[in-house]
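Please open the structure in your viewer and keep the selection tool at hand. The stops below are given in the order in which they may be selected.

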Amino acid sequence: MSTRLAKSGRLIDRSSRVEFTFDGKRMSGHKGDTLASALLANDQMLVGRSFKYHRPRGIVASGGEEPNALVNLGQGDRHEPNARATTTELFNGLTATPQNVWPSLDYDIGAVNKYASRLLTAGFYYKMFMYPRAFWKHVYEPFIRQSAGLGKAPNPETSDPDTYEHFYAFVDVLVIGGGVAGLQAAKTAGEAGAKVLLIEQTPDWGGRTVVDGADIDGMSAQDWVNSTLQALEAMPNVTLRNRMMGAGVYDHGYVLAYERLTDHAPEMKGPRHRLWRIRVGQTITATGAIERPISFAGNDIPGVMLAAAVRDYSVNYGVSVGDRTVVVTNNDDAYRTAITLKQSGLDVPMIVDARETGGGALMDQARGLGIRVETGCGIAKVHGGKRVTSVDICKQAGEGGMLWNIPCDAVAMSGGWSPVVHLWSHCGGKLTWDEAGAFFRPDPTRPPLGDAGQTMVHVAGSANGEMLLRTVLEDAARAGEVAALAAGATGQISDASVAADTAEAPLEPVWLMPQGAHYGLRLKSWLDFQNDVKVSDVQLAAHEGYESVEHTKRYTTLGMATDQGKLSNINGLATLSNALGAEIPKVGTTTFRPPYTPISMGAIAGEARGDVFQPIRKTPMYDWHEANGAHWEPVGHWRRPYAYLKSGETIHQAVHREVTATRTSLGLLDASTLGKIIVKGPDAGRFMDMMYTNMMSNLKVGKCRYGLMCSENGFLSDDGVVARIDENTWLCHTTTGGADRIHAHMEEWLQTEWWDWKVYTANITEQLAQVAVVGPNARKVLEKLGGMDLSKDTLPFMEWRDGTLAGFPVRAYRISFSGELSYEIAVPANLGRAFWDKLLEAGAEYKVTPYGTECLHIMRAEKGFIMIGDETDGTVIPQDLGLNWAISKKKEDFLGKRAQLRSHMTDQKRWKLVGLETTDGSTLPDGAYAVADGNNENGQRNTQGRVTSTYHSPTLNKGIAMGLVLNGPDRMGEVIEFAMDDGETMVAAKIVTPVFYDPEGEKQNV
Amino acid sequence: MSDIATALNGASFDGLVQVEELRAQGMITLRGDFSDSGLVKTITDLAEVALPGQRGAVMDGTRGLLWMSPDELLLLCTYAEAPFLLGKLEAALAGYHALAVNVSDARACFTLQGAATREVLAKLAPVDMSPESFGAGQVRRTRLAQVAAAFWLTGEEGAQIVCFRSVGEYMFNLLKTAAAPGSDVGFL
């Protein structure tokens, strides 16, 4: 059983008591514990069930590489799935539940899967769930969802009460990893004078070296770490941050780091996580190495752990994983675990060393302590269910014949170490295979490159494949120096610290134990614990033709999900390469992608939630709209009133009322969102003629003209009224959504094509609040405000004047988008609300009615005016809409002219704009297609047109619509059929002129 | 004029720093060829401050000139004098190819005051806010979270921010969030 030892535990405070629950059971640990160490201290070996077979799973590792100990953390609105127990610091009140268990952790009904495991081999899902197709939705998917998967998704109805944020930082040298290599590299770079940020994912500095024990510069590892930290803290150019993980390395020296601020102490104020977005001159990854498991039968039974993790739990947390631990290894490092356990007073019945010749000095030391060492041996099989009971020992060279059965309650395994090359690889750093260590290490000749082709990532220490402490420190000092120099720092640096190493015997690669293990054993030899992938699965994939490691990954799920194969990667591809008879470097690795370990969605979102989730653009009159029943419509980032609802009114009724009131008396529209762009300069007229399809250069000062803008491909892009302000100045009105886009469009042409034209533009959309004053009483209400002459003769239709109204400085445009007598009045935005209030006050006697965008749409549709985005969709040219009158034939050129001469653009079969009136007065569905006889080659009904705008007209009391119809303008009076949403019911509509209301324009010209 | 209403009417917030909306700030956008010494003299004479260099901000009392792009400046003045100053500029620049336009109402302006000013901005803008990289006499035209903005330092512990008027409320809420008590970073 696992338990807390009486002594040791360098990271825990034994005087403290921290209460927590796991799976509903109350437990306690100490300050400094991780959830994993506390669970082990409470003899909780079983922590979850596996993904596919629901096999019992225990803790395997002690850090971020942990594949098994994933828990649901917290409850209710703080529930978070897939939290790694090994990196979760214990705090009072922590609540964790195991994942993928049903009905309970101890008795899981899904475990029957293990009896069917011969069926659940690699590619099972692909093979089993292919046919029949109809079974997918109702049989297969519910089955898979129930039995597979890890943590529970948070309740979508709750909202995370924690806060998150981003932070932009800029440093010369970023050192990722606070072990001895990172400390040494940071110290060297700091001494050179570089601005250094050193980050460490755990709360503690020093990494493994402190656990393993060593002398550096004549001090204990811990003393060296402490003194180096002191030296770093004294440097003003160096910043140290713990609980901060280097998550990803991106192009041009951009690095994401994930800081966990309050996970360990939820009572603290402030954000829970902070995502650092760092621009780095040079990055040093000092990310260490991860120990590999060994593939033997039953290596997934709780109690089988990585050898270094067993050592970590003992030294760091004073936790024993078992009273009797068998150590199995192919290298010398695991002997340290045996020695540590023995010195803690625990029993190590046997060290099983796969190497015929065994190890070096550490083996001798172990034997000296009285530990039995068997060389050339391996584990044939682990016995046990929810925990280890014994192991069968065999010859490594054989097929698994048992030599001895050794009772034990833990197995510490070490298959060697793999450098953490993830961050090096994220942005293109290449790897090279190291025969001696049997691992991939960064290839310094093929590094990730920066903007100028320079090396942008350096690797230090065991992440670089240096496995001896002396060379780790030397390598780290080198990386620190090179990085600082590349970042331009040239200060005086001191020599690397010096460590004394114990000589170690070479490792011998072991990819399967025993090497000739029969199928029954391979079927129980796990490669990937998290995804239930075994040696037999990868072999089957190779047998079935999956030669690429990327394909094998997807076929078997090797290396997927939250741990991304941190433990399984090398063992898996070695197994694949053996099965393929290819060399490991030829098979290669799967792609390393950020983040290194999962980061929270909250950190990614940062501050963007609640009222700052997205910017909402508000006009100066927004608050009035809000207070007066506005039903909002998003238009770009703007919010515009769709209609103003009075109490008891439906939206439809409100729109109806607004149209009628405006047509019969007086309506007001907040038109502030319309784009306003000033174009000025000696070449402005020439420029305007290129931008618009019609002639703008000859527009007289004081006058307005409606204009169309096309893309260079001829498609209608935007429209609006242009006013000539003075000799050199035009003011272009754009659509609400078009302001920024059209301004950018203008600037692009000016900056890239016509850079020598003397034209300046300015987007002044937000400088002005604009109100459309519309209806038969529009002039009366403005005259009542007083200050300028608005009579028909002084301010005729399609002209503008500057003046004052009720003391407000205004520019009044006599333009109409409704067909009524109409003015648009622009005032400085800061006066917009006051002017609006003044109009409401003056308009009271005319029952002034503010109206929204739907009323605007209906009134323009009644007049047959097109709307960008309704009548246009990026494939429509002005000619389709019968707007030939607005396309100049005199001009030599304008944007879109040549495109509009192409054969497809002049094709007589292009659908053209017409009005549509249903024969029964009903309103056509938006987007409905007019059907034609027969089917096309895809078996779809042929079409001859579609609806682009459709409304119930309160003015005419019937449905009106516009649409694009084949030969439409030539078919006036013809009745065609439109399909309703069901595709079967047909509605008959007559083709008519699109101008339904006041075709002579008498209403607006009064 | 008493009818003047800015985006937030002077809202304020006290957190890591003090955030306050300016009730009104005069601003004139100037576009022209600033390699033309005659044009520059005309502008600087009327602005009563010197021409800023690239990413520069020249301030003197209520007046200031901010570098916006190689052919664009932002002239700061009081809100009340902006229309008059614009008139003078237009008259004086008549012989040049140049554009001057009053944008005082198009913007919302905020001040930050407090020791954490740099860090509050560094949470929102992809800008190196360290003192060695950004100091008085400089301006950044950038973004704060999801909206365009420009800012400059008003002293060792203060900054002024300009954004579009329509997103003034978003900006205020954003600054409040970034200045929430307890969210100190301790990096800059």
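Select strands S50 (residues 975-979) and S51 of chain A, which pair in the antiparallel sense over five bridges; two strands pair if DSSP finds at least two bridges between them. This is a predicted model, in which local features need pLDDT of at least 70, side-chain atom pairs count only at pLDDT 80 or more, and totals for chains, interfaces and linings use all residues. Residues are numbered from 1 along each chain as its sequence is written, with chains lettered from A and ligands numbered from 1 in the order in which they are written. Helices (H or I, at least four residues) and strands (E, at least two) are DSSP runs, numbered from the N terminus.

Within this pair, Glu977(A) has Ala988(A) of S51(A) as its bridge partner. Six residues separate S50(A) from S51(A) in a hairpin, and Gly983(A) in the turn has a positive phi of about 80°.

Next, select strand S46 (residues 912-918) of chain A, which pairs with S51(A) in the antiparallel sense over four bridges. Here Gly915(A) is bridged to Val992(A) of S51(A).

Move on to helices H13 (residues 535-543) and H14 (residues 549-556) of chain A, whose axes come within 10 Å and cross at roughly 125°. Axes are lines fitted to C-alpha atoms, for helices over the stretch in contact, and angles run from 0 to 180 degrees between N-to-C directions. To view the contact, select Asp537(A), Val538(A) and Ala541(A) of H13(A) with Thr552(A), Tyr555(A) and Thr556(A) of H14(A); residues are in contact if their C-beta atoms, placed from the backbone, lie within 7 Å.

Note on methods: Contact = placed C-beta atoms within 7 Å.
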